[in-house]
Amino acid sequence: MSSPAPFLCLRGVSKRFGPTRALSDVELQAGSDELLVVLGPTGAGKTTLLRTIAGLQKPDAGVIEMEGRDVTALDPSQRDVALVFQNFSLYPRWTVRRNLEFPLRAPGRNMTEAEIGARVTWAAELLQIVRLLDREASRLSGGEMQRVAIGRAIVRRPRLFLLDEPLTNLDAKLREVLRIELVALRRELRAPMVFVTHDQAEALSMADRIVVLSGGRVLQAGLPRDIYERPSSLVVARQLGQPAINLLAVRRIDGHWTASDGTRLMPAAATGASEALLGIRPEHIILEDSALSSTRLDSDQGVAAGVSPARETRLKLVEHAGATTTLACDWAGAHVHIVVTGRVTLRPGDRVQLRIVAARALLFDPRAGGLS
Amino acid sequence: MSFLSLERLQKTYGDGTIAVRDIELSIESGELVVLLGPSGCGKTTTLRMIAGLERATSGTVRLAGSDITQLSPARRDVGMVFQFYALYPHLTVRENIGFPLRAARAPAAEVQRRVDAVAARMELGPLLASYPRQLSGGDQQKVALARAIVRHPAVYLMDEPLGTLDADQRLEMRELIRAHQLLSRVTTIYVTHDQEEALSLADRVVVMDGGRIRQVGAPGDVYDRPADLFVARFVGSPGMNLIQGEVVRRGTGVAFVSATGAVELELPLGSQASAGSVTLGVRCEHIHEDAAGPIAGRLLMEEYLGNACNVHLETAVGRLVMRTAQSTGYARGSGLRVRLDPSQLSLFDSASGERR
């Protein structure tokens with residue numbers, strides 16, 4: 001996926017707005033045929049990062065390179081990047097065609113009418129909006145508008161695409177569809193893309209690699225699976241996964257990590273800290289009497305070896321949401337969520353026995369928040 | 001007689017656009033009914049007609065036996081919660097929650113008591129003296145919810161109340177709403193475009209499209225037995241896989257033959273047996289990789305979801321999405337074969353789109 005020499009490279013990029021540090025010493029690379037997702041909550045510095053890459057603002061410190069060339073001092077137009085925003089920035093009274101042609105008619109482009117027509121047709125076909133070309137932008141649905149906005153970005157075939165939460169304002173169903181289309185589109189274009197979002201599902205499902213940003217700092221960068229399974233800190237662990245990772249306060253007692261209510265969760269190493277936060281994903285808690293979770297165990301024998309002893313509790317919530325079921329209960333001194341594939345016949349109030357897949361547990365230092 | 005009923009309710013705008021067409025719906029007391037559909041399907045207009053914020057062009061809204069179609073919003077015993085609920089920024093949380101009671105001229109002692117009670121129930125006690133700007137988005141929504149339920153209306157009307165929250169906050173709020181609903185047994189009508197939210201919250205889901213009701217049913221029914229192709233596609237993430245083909249007789253049984261790729265699948269006996277052009281539907285979790293499976297495909301992409309994976313396949317019968325517990329580990333373009341769980345198939349009439 002990432003080529004030997006990265007297409008985009010940020011080194012030590014910092015940006016301040018008055019007393020606020022928007023970006024602190026950001027290091028980031030994107031390959032020439034890669035979809036890099038920057039994931040972070042509101043205020044993490046995601047938009048500032050994109051605007052800095054685009055050249056809409058200059059960093060206070062640090063270097064931005066594209067294809068090995070320092071572009072830090074270059075104007076946006078010299079960088080040849082395209083930016084797509086959350087709010088579909090179209091001219092409402094213009095037709096879709098005119099909106100798509102607009103970037104190609106910019107001064108200095110000198111494209112012939114035939115070339116412009118060919119480019120618009122190419123982009124419209126790629127985005128399946130040919131039938132909308134003569135419609136006024138104000139008459140489009142939200143999803144159609146965002147398709148056209150993306151079309152306006154790709155039509156001039158920039159070197160790099162920057163997308164700022166482009167799916168956030170759309171209906172859930174449309175987001176789901178466009179997510180898949182965007183990945184396919186980028187592969188077709190074979191161009192690098194930096195996609196900014198606060199939505200962990202978007203990040204996990206779309207990214208070739210994820211960069212987790214928080215408070216203007218890069219907390220972790222890596223493959224979606226690595227970040228999900230081996231988060232470098234508590235903050236990252238909580239940022240990925242839906243429902244969020246369960247966190248249990250544990251102490252080492254008689255060689256076991258033991259919850260505040262006395263539940264023995266798993267064996268503990270003899271040395272090291274005596275207190276920790278044990279992180280366990282909702283799909284790695286096993287419902288003892290559920291036929292569904294025993295199926296999961298069978299399919300994952302290596303993990304089954306490290307299962308903790310069961311401990312009983314009462315279910316507080318059972319949510320069937322299609323292909324999976326989410327359950328919640330108070331257990332091991334915390335409010336925990338459990339996710340199982342398929343349906344269960346259990347109801348709130350039912351007694352269940354819970355265990356964790358110990359091999360999948362993560363231990364965090366309760367003070368520093370890092371892996372312990 | 002049902003508690004709240006909509007009888008042939010219709011909304012036509014001045015330019016002739018029909019937003020809601022001839023809707024019939026009966027809601028029992030204590031039910032949580034979710035109106036689900038894409039933007040422009042008429043769900044919000046329906047809710048607003050129940051609230052009295054939108055005047056019905058024709059038809060009747062009946063609450064507890066009386067016709068309330070012509071009543072002003074204030075005279076209907078309903079509590080509305082909006083998506084972008086504007087809390088009064090200059091009022092404290094306590095004053096915000098108590099606002100509807102004070103507006104109804106309730107005595108100060110009663111306002112205090114009711115606010116304290118709802119705040120305790122929703123764990124807002126420590127925030128009562130704060131101002132909205134000092135609260136997180138999730139806490140602001142909680143305050144909005146508390147304000148809506150402080151009045152004990154006969155019906156709660158909720159218009160995408162979780163729309164601006166992130167996924168974790170939404171789950172937290174769903175738990176809250178559910179817990180609340182179980183406690184109070186007050187009828188709630190809830191509008192959302194998010195099918196997951198609908199399936200997880202509702203006692204019954206009403207799927208709408210183009211101003212019409214497509215299906216009314218328990219979440220499991222709507223998911224497992226969609227009434228038509230629209231519901232099949234809209235409900236579920238991803239929507240149902242759909243394969244064109246026809247039903248043919250095979251000896252004493254029936255089989256499905258795909259329109260492309262000549263894949264033949266035996267159908268359970270007696271199932272919607274009449275021959276003809278059909279669309280076969282199957283959910284992603286009922287497609288399984290199987291070296292001896294009847295459908296050959298090529299891996300297009302995988303959507304990693306953390307706790308699962310959506311595997312997109314290009315096959316002889318069209319594009320299919322299969323749900324797996326983890327990544328298949330195959331490279332893009334790899335060939336693999338799949339089978340469909342025969343007990344989990346839906347059949348739709350291709351011409352009408354309706355379930356057979």
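This is a predicted model: local features need pLDDT of at least 70, side-chain atom pairs count only at pLDDT 80 or more; totals for chains, interfaces and linings use all residues.

In soluble globular proteins, nonpolar side chains tend to be buried together.

## A helix of chain B

Helix α4 of chain B covers residues 137–149, and its 13 residues reach 19 Å from the first C-alpha to the last, which is close to the 18 Å expected at 1.5 Å a residue. Because 10 of the 13 residues of α4(B) are buried, this helix is largely enclosed by the rest of the structure. The buried residues of α4(B) include B:Gly138, B:Val143, B:Leu145 and B:Ile149, and also B:Gln141, B:Lys142 and B:Arg147.

## Aromatic rings

Over all chains, the structure holds 6 aromatic pairs. In one of them, the rings of B:Tyr88 and B:Phe99 have their centres 4.6 Å apart and their planes at 40 degrees, so the pair is tilted. B:Tyr88 lies in the loop between β6 (78–81) and α2 (93–103) of chain B, whereas B:Phe99 belongs to helix α2 of chain B, so the pair ties together parts that are 11 residues apart in sequence. B:Tyr88 is partly exposed, with a relative accessible area of 29%, and B:Phe99 is likewise partly exposed, at 32%. In chain A, ring pairs link A:Tyr91, A:Trp94 and A:Phe102 into a cluster.

Arginines also lie over the faces of aromatic rings, as in the two cases listed here.

| Arginine | Ring | Distance from the ring centre |
|---|---|---|
| A:Arg157 | A:Trp122 | 4.3 Å |
| B:Arg283 | B:Tyr223 | 4.0 Å |

## Cysteines

How many disulfides does a search of the whole structure find? The search finds 0 disulfides over all chains. As for individual cysteines, A:Cys9 counts as buried at 5% relative accessibility, and A:Cys329 counts as buried at 0%.

Key. Residues are numbered from 1 along each chain as its sequence is written. Chains are lettered from A and ligands numbered from 1 in the order in which they are written. Side-chain values use heavy atoms; hydrogens and water are left out. Rings of Phe, Tyr and Trp (its six-membered ring) pair if their centres lie within 6.5 Å; planes under 30 degrees apart count as stacked, over 60 as edge-to-face and the rest as tilted. Helices (H or I, at least four residues) and strands (E, at least two) are DSSP runs, numbered from the N terminus. Buried means under 20% relative accessible area, exposed over 50%, partly exposed in between (1.4 Å probe, protein chains only). A charge sits over a ring if NZ of Lys or CZ of Arg is within 6 Å of the ring centre and within 35 degrees of the ring normal. The expected span of a helix is 1.5 Å times one less than its number of residues. A disulfide is a pair of cysteine sulfur atoms within 2.5 Å.
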